[in-house]
Amino acid sequence: MGDAWRLGSILGIELYIDKSWLIIFALVTWTLAAHYFPAQNPSTPPFFNWALGIIASLLFFASVLAHELGHSIVALKQGEQVRHITLFIFGGLAQIGGEPDKPLKEFLIAVVGPLTSIAIGIISGAAWWIIRESSPSFASLFRYLGIINIALACFNLIPGFPLDGGRILRALIWGLTKNFRLATRVASFSGKVVAVLLIFWGIRLIFSGLTLNGVWTIFIGWFLYNAALNSYRHLMIKDALREVRVENLMITNFETVSEEMSIQQLVDDYILRHRDRGFLVTRDGLVQGIVCLHDVKKIPREQWHTTPVRDIMVPKDQLENVSPRDDASVALEKLTAKSIHQVPVMEENRVMGILRRNDILSYLQLHTDLGTKG
Ligand SMILES: [Zn+2]
């Protein structure tokens, strides 16, 4: 989360805001304060329009957040994990754990976002209608919120993966054909088609003089294209690893280190000698934690002689682990989601091996090169 600020948490979901959001905030505020509000109410003073612009931008931000919370709450209710919500330049992203296992579940999680936006749009529209004569300035604020939320819903309903509409499409095809792979292929193909159309539309806009809108549309198209491509690759990886178990990829001849060992000794005798990044820390044959290169870097070099491994290791209660019979794709997801390089493979408290991200990736590379799978 290097490029994002943490805002807080709701229902156990961490909220982040990406720094790229500032660009949107400035752009929306400026467009509203310098163009939209003056056009709506020519007699209001500029400072008032700027105040309205800032309030409207914040409410737009709250609307995107509500949309993502909609997805998240339904996902939680369906038994899925929701790790965090990040608001970034193109809107919001709720990080929902794993791929859905049932079409209906995917449909419900996807559809609730646009429904939330439509509901906010309708409420804002009603507020505009009620106060449009008594308070025209605030009415134009609600008018904007109404339009932007309906636009948000419409954009997200475009049937191209990974937009909500693409997820709905995938859930429908999946439900009808019972073929998840086919459904994803169709949905991500339509995502790419939509992306290419957006890029052409953007070029058209530039030629008709609307340069900023055009560049923006191309930018969104390009983003969507990459997202569609990546989500498809993600599925291909899952597919290539489908019949592969953790026990097929784990290493079993691993070295362990003790808690009392100094960091200096860990570096000299283990990390450098074995050219390995991570080691299990054990006491009487039982795992106490894991220590890796990343942890070593937290301590200044002068203290390596005096600091024991215990002080820097990730202790066992914070440790992720996998079982030998787990799906390799599930394990890879776990490693990627937590940005960790290796996990111990455990069976009833006993360590059977270590699974390293690199080993999974080189397996995938090998199979791609041989053309045996995927
Ligand atoms: Zn959505």
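Mentor: Let us begin with the buried residues of helix α4, which are Ser 137, Ala 139, Ser 140, Leu 141, Tyr 144, Leu 145, Gly 146, Asn 149, Leu 152, Ala 153 and Asn 156; here buried means under 20% relative accessible area, exposed means over 50%, and partly exposed is what lies in between, with a 1.4 Å probe and protein chains only. Please keep in mind that this is a predicted model, in which local features need pLDDT of at least 70 and side-chain atom pairs count only at pLDDT 80 or more, while totals for chains, interfaces and linings use all residues. Residues are numbered from 1 along each chain as its sequence is written, and side-chain values use heavy atoms, with hydrogens and water left out.

Helix α4 covers residues 136–156, which is 21 residues, and from its first C-alpha to its last it reaches 30 Å, close to the 30 Å expected. That expected span is 1.5 Å times one less than the number of residues, and the helices (H or I, at least four residues) and strands (E, at least two) are DSSP runs numbered from the N terminus. The buried residues of α4 pack against α1 (21–40), α2 (46–77), α3 (103–131) and α5 (164–177), where a contact means heavy atoms within 4.5 Å.

Now look at the aromatic rings, for a search of the whole structure finds 10 aromatic pairs. Rings of Phe, Tyr and Trp (its six-membered ring) pair if their centres lie within 6.5 Å, and planes under 30 degrees apart count as stacked, over 60 as edge-to-face and the rest as tilted. The rings of Tyr 36 and Tyr 144 have centres 6.0 Å apart and planes at 55 degrees, so this pair is tilted. The pair links distant parts of the chain, since Tyr 36 is in helix α1 and Tyr 144 in helix α4, 108 residues apart. Both Tyr 36 and Tyr 144 are buried.

Trp 216 is partly exposed, with a relative accessible area of 28%, and Phe 219 is partly exposed at 36%.

Of its 28 residues, Trp 21, Leu 32, Phe 37, Phe 60, Ile 85, Leu 87 and Tyr 144 touch the most other members. At least two residues of this core come from each of β2 (13–18), α1, α2, β3 (82–88), α3 and α4, and α2 gives the most, with nine residues. A second, separate core has 17 residues, including Leu 335, Val 345, Tyr 363 and Leu 364. Ring pairs also link Trp 21, Phe 60 and Phe 61 into a cluster.

Finally, step back to the whole protein, which has 12 helices and 10 strands. Of its 374 residues, 45% count as buried, and among contacts between residues at least 6 apart in sequence, 62% join residues at least 24 apart.

Terms used: A nonpolar core is a set of buried Ala, Val, Leu, Ile, Met, Phe, Trp, Tyr and Cys residues joined through side-chain atoms within 4.5 Å.
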